[in-house]
Amino acid sequence: MTAHRPMQIGELAERTGLSIRTLRHYDEIGLLRPSARSDGGFRLYTADDESRLLLIRRMKPLGYSLEQMGELLAVVDGLDADPADRALAGRLGDIRDEALTRRDDLRRKLAAADEFVAQLEAR
């Protein structure tokens, strides 16, 4: 894909590993709206849309709700519009701290799962 050629929903789904159904749902709830529509009404996505979707996808394993994902995206959008906004920068810091906590919890769970598998393999 070039930066100038928009993608239809199927290509975006393939590139990101998410289903078309998920992308349509994200559109319906306002989490990821397509940048445009074709003359035939097909959703069209840009490289920026793909980046936004990858950010959403990276939040999923950490257990973020769709509402929390929307909040993070609102903070990111706000900082893109006004990088000097101290309140949004502070909120982004809070979200980052929470992400670190969630990541550490996920690491502990993975270690426990590895121990479990090792016990099963030892039998």
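In which helix is arginine 102 found? Arginine 102 is found in helix α5, where a helix is a DSSP run of H or I with at least four residues, a strand is a DSSP run of E with at least two, and both are numbered from the N terminus. The structure is a predicted model, in which local features need pLDDT of at least 70 and side-chain atom pairs count only at pLDDT 80 or more, while totals for chains, interfaces and linings use all residues. Residues are numbered from 1 along each chain as its sequence is written, and side-chain values use heavy atoms, with hydrogens and water left out.

Arginine 102 has a relative accessible area of 19% and is therefore buried; buried means under 20% relative accessible area, exposed means over 50%, and partly exposed lies in between (1.4 Å probe, protein chains only). Not counting residues up to four places away in sequence, arginine 102 touches Leu62, Gly63, Tyr64 and Gln68. Contact here means heavy atoms within 4.5 Å. Helix α5 also holds alanine 87, which is exposed at a relative accessible area of 59%. Between the C-alpha atoms of alanine 87 and phenylalanine 42 there are 37 Å in space, and the two residues are 45 apart in sequence.

The next topic is the open space in the model. Rolling a probe the size of a water molecule over the atoms shows where empty space is left. The search uses a 1 Å grid over the protein atoms alone: a cavity is a set of points where a 1.4 Å probe fits but cannot get out, a pocket is an open set with protein on both sides within 12 Å along at least five of seven lines, and lining residues have an atom within 4 Å of a point. Grid points are joined across faces, edges and corners, and a volume is the space filled by probe spheres set on the points. The largest pocket has a volume of about 150 Å³. Its lining includes Leu62 and Tyr64. Helices α3 (47-59) and α5 (86-121) each supply at least two lining residues, and the largest share, four residues, comes from α5. By class, the lining has eight nonpolar, no polar and two charged residues. In this scheme Ala, Val, Leu, Ile, Met, Phe, Trp, Tyr, Cys and Pro count as nonpolar, Asp, Glu, Lys and Arg as charged, and the others, Gly among them, as polar.

The model also contains a sheet. Strands of a sheet pair through backbone hydrogen bonds, either parallel or antiparallel. Here three strands form an open sheet in the order β1-β3-β2, with antiparallel pairing. Strands β1 (7-8) and β2 (36-37) are the edge strands, each pairing on one side only. Two strands pair if DSSP finds at least two bridges between them, and two bridges join β1 to the antiparallel strand β3 (residues 43-45). Methionine 7 stands opposite tyrosine 45 in β3.

Isoleucine 9 lies in helix α1 (residues 9-16) and is buried, with a relative accessible area of 12%. Leaving aside neighbours within four places in sequence, isoleucine 9 is in contact with Ile20, Leu23, Arg24, Arg43 and Tyr45. The C-alpha atoms of isoleucine 9 and proline 34 are separated by 8.7 Å, although the residues are 25 apart along the chain.

Proline 34 is also among the residues that aspartate 27 touches, together with Leu32, Arg33, Arg37 and Arg43, again not counting residues up to four places away in sequence. Aspartate 27 is placed in helix α2 (residues 20-29) and counts as buried, at 6% relative accessibility.

Which residues are linked with Asp27 in a network of salt bridges? The network links Asp27, Arg33, Arg37 and Arg43. Side chains of opposite charge can pair when their charged atoms come close. A salt bridge is a side-chain nitrogen of Lys or Arg within 4 Å of a carboxyl oxygen of Asp or Glu, and by this rule the count comes to 13. In the bridge between aspartate 27 and arginine 33, the N to O distance is 3.1 Å.

Aspartate 77 and arginine 52 form another salt bridge, at 2.8 Å from N to O. This pair links distant parts of the chain, with aspartate 77 in helix α4 (residues 66-81) and arginine 52 in helix α3, 25 residues apart. Aspartate 77 is partly exposed at 33%, and arginine 52 is partly exposed at 23%.

Aspartate 105 forms a salt bridge with arginine 108, and their closest N and O atoms are 3.7 Å apart. Aspartate 105 and arginine 108 are three residues apart in helix α5, so about one helical turn separates them. Aspartate 105 is partly exposed at 30%, whereas arginine 108 counts as exposed at 53%.
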